[in-house]
Structures are given as C-alpha cells and as structure tokens.
Amino acid sequence: MMTANSNLKQFPDNMPSLDGFESQAYRVAALRMAAQEQAASKKRQSLPRRVSRGIVDAVRRRSSAARPFVAEEQVELVPEAEMAQRFEYAEIADMAGKTQSGQKVKFTIWDYAGQDVFYALHHIFLTREGGVFMLVFDMQELLTEQDKALRYLRFWLNSIKLHAPKAPILLVATHYDQASSSLQAVERILQSLFRKLRGIKLVKNSGARLSFFPIDNMSPAANRAADLRAAVEKAASKLEAVSQKISLRWLKVLDDLMKLNRDHVPFAKVQELATKYHAGDQSDELLKFFHELGMLVHLRATDTLHDKVVLNPQWLLDKLARVIADEIHVKDIYYDERLSDLDLEDDFDHLRLRGIGSRRLFHFLWNGEEVEYLLDFMRATMLLSIWSFSEDGSAAQEGAEQTFLVSSLLNHAEDDALRSEIAGMPLGLTCVLDFSRFFLPDGVFARILSLCAEHSSKMSEGTREPQLAATEAIVRFGLSVFALQVEDDQIWLRAAGGTEQPASTLKMLISMFQGARDAVFQDLPWELLLQCPRDPSIFVSFDDLTKARDANRDKVMSTGTANAQVADFEPFFVNGSLTEDVHDNGAPQLAMALDSAFKYHVFLSHRQIEAGDACNLMAEKLKYRGVRVWVDQESEGNLAEAEMRRGIQDSRCYLLFLSKTVFTSAAVRMELSTALEMEKPILLVHESETDRPGFANFKTYIDSAPPNAADLFATVESMPFQRRLYLAKGFYDELTARIERAGCN
C-alpha cells in the first residue's frame, strides 16, 4: 500500500511552464539567430513580459487571501535578442519539445510520507500554486476496513483543500489485481464520501466512468498507468501557473541558480545573478514568485532567513525529518554511536517523550549545518518555540543552555493524570474554537501550545512549567490558570474558577489562535462559541451574541433549542470584544512623568504611505499607557518644516519607524537630521510582517541610511513592530520602558 500523496509541480527544466511555451522557445531561438546575423545593429527591443498575479507569502504568511502584485517594475530591460543569447541551444531545444498537449512539461514528484508525525509539515510543502495532487489509497483496505480508509481519505482531501484549494486531485487506487471485480463497490463508497465534502477539485477517470484510477502495482506492463499519466498531464496543462508569462531574465536567474547544483545559496548570490541580468532590484519579487510555485524556499521573517535561499527543498525536508522524525529516522539516530559519545542520549529521549530538545541536540541532529537558519525556519513556521523552564518546572536561570519545544512531537503523548486534573478543575469562563463546519487540521492545537508555552515563560510572576499532552494542557500566564482540550473538531479553552482576569486570558488565547491561523491555516473556517456561566449546558455563537448586544436585545439564540439571556455572558466582555486583536488597548494607565521643558514624550517619524496605519495604531496604544505622542496623522508633508522641527524640539525622544523606502522621504531625512542635531535620544522600530508593503530586510535600512545616520544601527537596537495582542503587550511594555528610560539619559 502506498501511503503517500504526490504533489506534482510542473516546470520545464526547473522552470515554470509558460503561456505558449513552445512558441516562446522557438521565438527565443529565432531571436538568437537574428542577433548573431545583425550583431552590428543597435536597435534594441524591450522585453514585453510582465507578471501580475495574486500570491501569498508562505512561512508567514500571514493573510488569508492572495494578494495581487506586479512582479516586474517598468525599468530598462535586457533586450530580447541579448537575453536569448544567454541560453544555450540545447536548453532552447529542450524547452521547445512537445507532449500530447503540445507543451513541454516536466514534473517534480513530492512523495509525502503517510506517517502522521509528518502532518505538521504539510503547510510548508503543499504549495497553493502550480501543483497536481495524487492521493493514493488501497482498494482492499477501503473494502475491508472502510472507517479507517475513509478517515485517511477525508484527512488528505481536507488538507489539500485547505492548503491548495484550487489544485486538481486524482484518486489512485492500488491493488487492482486483487479488487478488479469490486470497482463499482469502491465507486459507491467514494461517492458517499464526496457528498459530505464540498469544493474538492476531483479529476475523474472519465474513460472508465469512475472517480478514481485503478492501478495494478504488480503489473510489468509499460502502459499500466497510461490513462493516469494522460489525466495528470491534462490537469496540469489547465493550471493557471502554466499560462503565466515570466520574464526571460527571471528564468535565466533561476536557470543559473539550479545549475549550481547546491542545496542552498546566500541571498547575495541571487542578487549577483539578478544584477547580471538587469533584474537586481527585483530579487525579492522573483524569489517570492518561485517560492510560491514550490521551486525553491525563501522566507523573510528574519535576516537569517532572508539571507538563505534553499534551492533543494528535499534538503530542508530531510533536516526537519531529523527532528520531527518517524520510527525509521528515530532508530537511525538512536543507534548512532555519536549520540552516546556526545552524551546526548538523555537529551534525545527527552525530545521524543516530551518534545523538548537542547540546542546541543539540534546541533547534532543537523550535523552542525545551518543550525541558526533551521531554528529560525522552525520558529517562523511555528514548528518550534523557546522553552524557558528548568527541569524542576521553574523558570530557567540566566546562562542555562537554551532549550526548545517541538509541540508536534506530543502527538501521541497521553497523560491520564493531566486529563483527571482538568476534569476536576473548578469551572470558570469557557469558550470553544469550533471547526466542525470543516475539520480541525493536525497542527493547530500543537501551535497554540507552542505559543502558550513561550508566552508563559515571559511572565514576571507565578511562572510554572506548562503541563502538555497530545490533546490537553494546563498553562499559567502569571496568576491566570487555564486548560486547553481537544474534543473531536473543537478546542476548548477553560479558565480555572477563581483565576485572575479570565476574560483577558481567553482573549490572549484567541489572539494566539488567530495568529497561527493567519500564518499557517489561512483559509480555515471556524466559529467561536461561549459557554453560559450560569448554565454550562447552553452555548451561544459569539457573533450572534455580539449582534444581540449591539441591538440591545435581552435574549440570544443558543446553539441548541433554548434561548439564552444576553446579560449572562457579560463576564466575557469586561475587557472588550474577545476577538478584537489589534485595536485592543486595555485599561488606560497613569500618565508618564514628563519634564516641564517638553510637551511630548516621543516624536514618531515615519513614511506615511508605508507606515501611517502602524504609527497611528502605535500612537493610540502609547497614549493609553500614559505616553504623550507627537505624530502627523494626516499625510506626509502636510505640515511646515518649522512646525515639525518644533515638534521634535518639544519631544523628549525621537522614534523612527523603519519601512522599505523610509529614507527616500525628504521629510523623514529632515526629521532624523534635526533629531541628531538636537542630540535627542533615538529609538528604532521596524515593520516585522513580511506581507506588508513596508517590509524589508534589515540590510536595506542600513544600505539606504543617510551618511549622518550611518552609525545609528550599530548603537541602537531596533524593535520589531507587533500587532497581535499576544505579541503586542510585550512590545508596548518594552517600548514604553525605553521611552521612559530615554528621559533619564
């Protein structure tokens, strides 16, 4: 039985297929010959290729909808004839080859292991664009162990629908030689399954009038899968990715990268090649484009991630599989003599049993190769979080070896004592994250646990090690105690009775889920249900309750047959809406002390087009914390220079919000120069969300800074701007403290 799902991405010789690719290739060849025959000619033609498509940034990603972008700027391009000369004749001939559909299509096959330990990696390798999926199942198992086989099919079909909603899917049934007389029985079972699933882009076996393609695994016949191959090719030829028009310059950059035959290269190498082909200012855009097609891996959340371009995704998968390992990998590691020689046997057992691993262990598992990159990658994709607790359960002491939690390794961790403790916990405010309209994907709960554990370790009091298992946990945020529990397609969030600030705690947990959803499970539908504090048998939809409160109604419809009193749910709203993640301000705080020589604590300087919303939000949050803020909330340049200089003079310190083109703003350069001349304490904050227009890697800021600020980044540590509630609290606490300290210098 093949327990695998093959995602076949189509691209000729490591390049995506193009609209009319065959004619494009011949056109390239003709242009090359024309260039050779007319070498003396000075007439140059610009390349009329542009890319305009909606794509989503993958391990970051952080918005649920694809965003349109233009992949090429209108800049002077390499002439077509000159660009054509960069390709070898053999490449052109291969590009111009034909298949039955008239296009040259080359498939790279990803074989997804069926073991559930690898399910946590799906969002990384199930590409949203340019893929065809084959879901392989055993007909014999479907006939004899129907419930088990249907769970398997339902899980994979839902996973593909979630991560690649437009992708065509082919069902491939093995063991045809043993079940050839039962094809219609298999068809009836599948038809029953499809009636319960919506939105599956199924490729049918029209010739055989079946929903699947039966295959005889044991047959030696060369054409035993001819119908399947034809169906895959036909499905691939209809993909939107096939009809995309891509600049030859971009393709040549990719072609040269692949010819290096390396697992990964530094970003500088891509920049070098892109500059060589007159596309140096488009390096990030072309990498983002090819990343979305699954042809390479490039994340931008940290400088370490941005500086590495993975050309061989299998290298990355192999590294991750050494940590999130199945039994085969575990045995290989367990019997490796070096594990004992390095005194890491206990560390490895700890990782396998509790999901907690030391930095030394990760260094060993990855053979010391690209350890910082791999740790950053796992953190950015929420596969790993910092574990700041010692063996006795208390907060780790400063200087102790760094440890990490890989929560997906808790998948089979059962803890009956923990389950009993939760059952006996005093009843407090309870809400439910309900996914029953679709399904609860593997990895959602694990990622919430990771975020909870890391946040818990940052609390200043009452810190105690979280109690974690596969489907339940007890965690403390300071003096707030709560439990999380998975029941079918629901995650229950239960604040312990009498715990401190239960509504705020639930709000923080919901914010963590929303962060994980936007980063990894963008299109996952869910509903928030609230349990009635007075009658635990009654649940209401949060959306319905909000509408009833806004309409000043006394009653609201419950999820059952009874109506509920709106007033009974007021304890959930003591700190505002439970789902308000970004604009939540908390309770107003006392005003920060301010010397009479100043009118403001801080002057916010930014480029309006890229950071206006962020700085207005920051000003709002800081004002609630008692900070007096000077910020131009209208538009860049609407105030006279003298007035802005006066604002800086009247402020105790100066804060510069770094965004992609901030130093191209004359107003910002003037404000920064003024602050330096007045010797104001300077604070830096930078955009941290990679899908925001203002995001850039830190080197961009350093390279574009004006000469009088060249030393600024060596002396001032910039803070990443945070919008999510669970991250924003720590950000504003630290920023407020820095503003307060700035007045003491």
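User: What is the exposure class of R741, buried or exposed or in between?
Analyst: R741 is partly exposed, with a relative accessible area of 45%. The classes are buried for under 20% relative accessible area, exposed for over 50% and partly exposed in between, using a 1.4 Å probe and protein chains only. The coordinates are a predicted model, in which local features need pLDDT of at least 70 and side-chain atom pairs count only at pLDDT 80 or more, while totals for chains, interfaces and linings use all residues. Residues are numbered from 1 along each chain as its sequence is written, and side-chain values use heavy atoms, with hydrogens and water left out.

User: Which residue forms a salt bridge with R741?
Analyst: The partner is E734, and the closest N and O atoms are 3.5 Å apart. A salt bridge here is a side-chain nitrogen of Lys or Arg within 4 Å of a carboxyl oxygen of Asp or Glu. E734 is partly exposed as well, at 31% relative accessibility.

User: Which residues are joined into one network by shared partners?
Analyst: Salt bridges that share partners link K252, D255, D256 and K259.

User: How many salt bridges are there by this rule?
Analyst: The count comes to 30. One of them pairs R359 with E372, where the closest N and O atoms lie 2.5 Å apart.

User: Which parts does that pair tie together?
Analyst: R359 lies in helix 18 (residues 359–365) and E372 in helix 19 (residues 371–380), so the pair ties together parts that are 13 residues apart in sequence. R359 is partly exposed at 26%, and E372 is partly exposed at 43%.

User: And D518 with R517, are these residues buried or exposed?
Analyst: D518 counts as buried at 17% relative accessibility, and R517 is buried with a relative accessible area of 17%. Their side chains meet in a salt bridge at 3.4 Å, N to O.

User: Changing topic: where is the positive charge gathered on the surface?
Analyst: R151, R154, R195 and K196 form a patch of positive charge there. Patches are made of residues with over 30% relative accessible area and no salt bridge; like charges are joined within 9 Å, and nonpolar side chains (Val, Leu, Ile, Met, Phe, Trp, Tyr) within 5 Å. Lys and Arg count as positive and Asp and Glu as negative, with His and the chain ends not counted. Each charge is placed at NZ of Lys, CZ of Arg, CG of Asp or CD of Glu.

User: Which residues gather in the negative patch?
Analyst: The negative patch on the surface holds D343, E345, D346 and D349. D349 belongs to helix 17 (residues 345–354) and is partly exposed at 37%.

User: Which residues other than glycine have a positive phi?
Analyst: N261 has a positive phi of about 55 degrees, and phi of N552 is near 60 degrees. Most residues other than glycine have a negative phi.

User: Where do N261 and N552 lie?
Analyst: N261 is in the loop between helix 10 (248–259) and strand 8 (264–266), and N552 is in the loop between helix 23 (542–550) and strand 20 (555–557). N261 is exposed at 71%, and N552 is exposed at 67%.

User: What about H606, buried or exposed?
Analyst: H606 is buried, with a relative accessible area of 9%. H606 sits in the loop between strand 22 (600–605) and helix 24 (608–624). H606 and L656 are 50 residues apart in sequence, yet their C-alpha atoms are 6.1 Å apart in space.

User: Now the whole protein: how many helices and strands are there?
Analyst: There are 29 helices and 26 strands. Both are DSSP runs numbered from the N terminus: helices are H or I with at least four residues, and strands are E with at least two.

Technical notes
Accessible areas come from the Shrake-Rupley method with a 1.4 Å probe; for residues, only the protein chains shown count as cover.
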